[in-house]
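Please keep the sequence and the three-dimensional view side by side while reading. The paragraphs that follow take up a few places in turn.

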Amino acid sequence: MKKVLDKLPEGLRNTAFVRLFGLTKVPMIFWLRPTVIELSEEVTAIKIPLSRRSKNHLNSMYFGALACGADLAGGFAAMKKTMDKGKRVSLAFKDFHAEFLKRAEGDTVFTCKQGKEIDEFVDMVLASDERHNLPLKITATCPDIDDGPVAEFTITLSLKRKSKK
């Protein structure tokens, strides 16, 4: 399967990986059909479309879908960085804080701009036998509707290197 993914262009490959991960590990991710907009040294941006699958009774994005987008924007960068280094980690979120500023009434983009910090954090975790935590700031916007944020999240990424078995 990795050989098939390697033949795709990078943007498509990242989206396919996220959706395949969702299909096999976290069905909610697969159900929401996220798209990786950007995955660079600095920025991770994930888009979740506003659809029947993600909206609430007010025709805005359901807070569970918003939480899933924040989870992906924070976790995917760390997951990708550890995979690129050929290492395995136990990835979890220790806590989750959300501030909903206005209704997300369109496709929503979740952005984390701490790529370099995550990279340094992953290196620290891989050099240790301890679990370490890093708070991440995620901003959600609906760029087709408004430039301002619709929600801001702080989630604590918790990583520990998996031992060799």
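In which loop does arginine 33 lie? The model shown here is a predicted one, and in it arginine 33 lies in the loop that runs between helix 3, residues 27–32, and strand 1, residues 35–39. The backbone there deserves attention, for the phi angle of arginine 33 is near 55 degrees, a positive value in a residue other than glycine. Because its relative accessibility is 42%, arginine 33 counts as partly exposed.

Asparagine 59, although it is not a glycine, has a positive phi of about 60 degrees, and it is found in the loop between strand 2, residues 44–48, and helix 4, residues 63–84. Asparagine 59 counts as partly exposed because its relative accessibility is 46%.

From these loops the reader can turn to the charged side chains. Side chains of opposite charge can pair when their charged atoms come close. A search of the whole structure finds 7 salt bridges, and one of them is formed by the side chains of aspartate 119 and lysine 85, with 3.7 Å from N to O. This pair links distant parts of the chain, since aspartate 119 belongs to helix 5, residues 115–126, while lysine 85 sits in the loop between helix 4 and strand 3, residues 89–100, and the two are 34 residues apart. With a relative accessibility of 23%, aspartate 119 counts as partly exposed, and lysine 85, at 35%, counts as partly exposed as well.

Lysine 85 also meets the side chain of aspartate 123 in a salt bridge, here with 2.7 Å from N to O. Again the pair links distant parts of the chain, with lysine 85 in the loop between helix 4 and strand 3 and aspartate 123 in helix 5, 38 residues apart. Aspartate 123 has a relative accessibility of 37% and therefore counts as partly exposed.

Another salt bridge joins the side chains of arginine 161 and aspartate 129, at 2.0 Å from N to O. Arginine 161 lies in strand 6, residues 149–161, and aspartate 129 in the loop between helix 5 and strand 5, residues 132–141, so this pair ties together parts that are 32 residues apart in sequence. Arginine 161, at 31% relative accessibility, counts as partly exposed, whereas aspartate 129 is exposed, with a relative accessible area of 56%.

How do helix 4 and helix 5 cross? Two packed helices are described by the angle between their axes and the distance between the axes. The axes of helix 4 and helix 5 come within 10 Å and cross at roughly 50 degrees; angles under 35 degrees count as roughly parallel and those from 65 to 115 as roughly perpendicular, and helix 4 and helix 5 are therefore oblique to each other. In this arrangement helix 4 passes helix 5 in a right-handed crossing. On the side of helix 4, Gly74, Ala77, Ala78, Lys81 and Thr82 take part in the contact, and in helix 5 they meet Gly115, Ile118, Asp119 and Val122. The residues of this contact divide into 4 nonpolar, 3 polar and 2 charged.

The remaining stops are in the strands. Lysine 160 lies in strand 6, and because its relative accessibility is 34%, it counts as partly exposed. Apart from residues up to four places away in sequence, lysine 160 touches Val89, Ser90, Val125, Asp129, Glu130 and Arg131.

Alanine 98, found in strand 3, is partly exposed, with a relative accessible area of 24%. Which residues is alanine 98 in contact with, leaving aside its neighbours within four places in sequence? They are Glu152 and Phe153. Between the C-alpha atoms of alanine 98 and aspartate 84 the separation is 30 Å, and these residues are 14 residues apart along the chain.

Definitions and conventions. Residues are numbered from 1 along each chain as its sequence is written. This is a predicted model: local features need pLDDT of at least 70, side-chain atom pairs count only at pLDDT 80 or more; totals for chains, interfaces and linings use all residues. Side-chain values use heavy atoms; hydrogens and water are left out. Helices (H or I, at least four residues) and strands (E, at least two) are DSSP runs, numbered from the N terminus. Buried means under 20% relative accessible area, exposed over 50%, partly exposed in between (1.4 Å probe, protein chains only). A salt bridge is a side-chain nitrogen of Lys or Arg within 4 Å of a carboxyl oxygen of Asp or Glu. Axes are lines fitted to C-alpha atoms, for helices over the stretch in contact, and angles run from 0 to 180 degrees between N-to-C directions. Angles under 35 degrees count as roughly parallel, over 145 as roughly antiparallel, 65 to 115 as roughly perpendicular and the rest as oblique. A crossing is left-handed if the near helix is turned anticlockwise from the far one by less than a right angle, and right-handed if clockwise. Contact means heavy atoms within 4.5 Å. Ala, Val, Leu, Ile, Met, Phe, Trp, Tyr, Cys and Pro count as nonpolar, Asp, Glu, Lys and Arg as charged, and the others, Gly among them, as polar.
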